[in-house]
Amino acid sequence: MTSNGDLALEPNKTFDTILVLDFGSQYSHLITRRLRELNVYSEMLPCTQKLAELSWSPKGVILSGSPYSVYADGAPHVDPAVFELGVPVLGICYGLQMLAWHHGKNVVAGEKKEYGHANLNVQRHTSEAAHVDALFTGLENDMEVWMSHGDKLAQLPPKFVTIATTANAPFAGIAHTEKEFYGIQFHPEVTHTPRGTEVLKNFALGICKAKTDWTMGKFVDQEIQRIRNLVGEKGQVIGAVSGGVDSTVAAKLMQEAIGDRFHAILVDNGVLRLNEAQTVKETLTKHLGINLTVIDASERFLGRLKGITDDPEKKRKVIGNTFIEVFQEEAKRIAQEAQNTSRAGEIEWLLQGTLYPDVIESISFKGPSATIKTHHNVGGLLEGMHLKLIEPLRELFKDEVRVLGTKLGIPEELVWRHPFPGPGIAVRILGEVTPEQVRIAREADYIFIEEIKKAGLYRKISQAFAALLPVKAVGVMGDQRVHAQVIALRAVETTDFMTADWYPFDGEFLKRVSRRIVNEIDGVCRVVYDVTSKPPGTIEME
């Protein structure tokens with residue numbers, strides 16, 4: 001039986017974990033996601049991670065793809081200690097070349113880049129050790145795979161054999177004859193490789209022998225105990241809530257763990273959605289019984305945002321820092337109130353609904369990746385913050401959070417609510433944030449979401465919003481020439497929020513929404529629809 005002390009550990013110490021080392025591929029996060037779908041816990045770290053600095057031991061390691069050439073100056077290289085861990089290693093695309101480079105450096109530029117579908121032929125080696133053929137167990141020849149590479153192996157590294165080929169890649173799969181090291185040139189993590197998940201399953205379950213015990217049911221039990229151990233029997237926590245699924249699930253989890261020692265706080269920062277503060281207060285208190293305090297700090301936020309016109313990062317920093325200030329002030333008030341009522345325990349902790357994609361996107365290391373944007377809850381905090389962060393959802397993807405919310409008994413309409421960014425409407429107003437700009441953006445967003453719900457499309461769309469562009473266009477309204485603002489609509493479909501495709505509305509729907517926005521909102525004369533996927537765009541405008 002596991003002790004309470006053990007239950008206080010992080011998931012990578014209580015669940016069998018596959019470590020994914022990221023070399024900058026746009027697909028890296030998908031490897032982690034596919035493993036989680038197999039109920040195998042996985043974490044992604046930058047390829048610069050020193051293995052000696054890990055406080056936990058992985059069951060196996062996967063080396064991701066990369067836009068780099070392994071032989072190029074400045075190319076990212078893995079810590080050689082990876083190959084001394086005594087655990088299986090799988091190299092994918094660049095990861096295969098990294099594996100070969102470490103074992104002989106026979107990697108060269110290909111005659112041409114290979115991008116797209118290919119047919120994989122598996123080669124069996126019955127005379128070799130049993131592990132050699134394990135990666136393709138149960139997979140027949142002529143398997144469709146997805147290729148995306150320009151380099152190739154010039155020859156097999158010593159003690160490796162070929163376990164798969166394609167017409168253009170004679171070393172599409174390789175395996176070490178003595179150690180459980182494997183390399184594949186194709187990408188099993190993308191949907192374009194129909195049976196790719198089976199390859200990852202063979203590696204994680206068959207080769208690494210990882211347990212399939214990563215479920216939200218087990219996670220919630222562990223996390224509640226971990227929270228109790230962190231906070232203690234008398235400690236108190238204040239929590240940032242917004243009414244979105246992330247903060248709602250985090251708040252409910254905290255309430256389950258420590259009861260009335262959790263103090264939920266909604267800060268009206270002046271850039272919430274239309275009627276948001278009132279709606280959130282009603283839903284959280286009525287449906288979930290969470291004790292919620294609403295603080296109106298809109299003037300402070302809008303005052304600090306004044307004059308910021310073309311610096312999205314500065315907006316996020318200002319909003320993140322101001323959030324912490326408000327929370328610290330409220331923590332002092334709650335602590336004083338607790339003392340006056342003889343309730344023991346200090347306010348030491350600040351709850352935030354940080355998710356794993358927030359963490360991944362905020363990782364920056366020299367070479368293969370750069371920070372896409374600073375999330376207010378992972379990179380925009382005051383250096384002198386007096387509260388310690390507690391982030392119970394930090395290891396979870398969005399779909400895992402929804403499953404967890406259902407496990408906790410949160411109503412379906414709350415669990416499936418579209419995400420709303422911590423900086424709110426401010427990052428949907430391109431340019432300076434003023435009360436008038438907030439009014440326009442709020443009203444347009446309300447109309448857009450209302451029409452989506454009327455059309456029965458809300459659950460089909462992962463996230464939708466209206467943004468206000470920092471330009472004006474000429475229009476004709478009421479027989480008069482006007483020079484008014486432009487609204488951009490955005491709606492995307494995604495499962496993990498790391499990649500996303502724009503939603504294909506029909507023309508009649510867009511016509512209806514456009515007509516309402518232009519007719520009902522003073523100051524708008526045009527509406528456009530954003531058809532940019534992620535990547536290259538991000539889901540939010542800023």
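Buried denotes a relative accessible area under 20%, exposed one over 50%, and partly exposed a value in between, calculated with a 1.4 Å probe on protein chains only. By that scale, Ser242 is partly exposed, with a relative accessible area of 21%. The model is predicted, and local features therefore need pLDDT of at least 70 and side-chain atom pairs pLDDT 80 or more, whereas totals for chains, interfaces and linings use all residues. Residues are numbered from 1 along each chain as its sequence is written, and side-chain values use heavy atoms, leaving out hydrogens and water.

Ser242 lies in the loop between β10 (236-240) and α7 (245-258), and Gly244 is likewise found in the loop between β10 and α7.

| Residue | Relative accessible area | Class |
|---|---|---|
| Ser242 | 21% | partly exposed |
| Gly244 | 5% | buried |

The side chain of Ser242 reaches the backbone nitrogen of Gly244 at 3.2 Å. Leaving aside residues up to four places away in sequence, Ser242 touches Ser247, Leu266, Glu276, Val280 and Arg417, where contact means heavy atoms within 4.5 Å. An unreviewed UniProt entry lists Ser242, Gly243, Gly244, Val245, Asp246, Ser247 and Thr248 under "binding site"; of these residues, Gly243 is included in the lining of the largest pocket.

Definitions and conventions: UniProt positions are given in the numbering used here, feature names are shortened, and annotations may be inferred rather than shown by experiment. On a 1 Å grid over the protein atoms alone, a cavity is a set of points where a 1.4 Å probe fits but cannot get out, and a pocket is an open set with protein on both sides within 12 Å along at least five of seven lines; lining residues have an atom within 4 Å of a point. Helices (H or I, at least four residues) and strands (E, at least two) are DSSP runs, numbered from the N terminus. A polar contact is a pair of N or O atoms within 3.5 Å; within protein, one must be able to donate a hydrogen and the other to accept it, and residues adjacent in sequence count only if both atoms are side-chain atoms.
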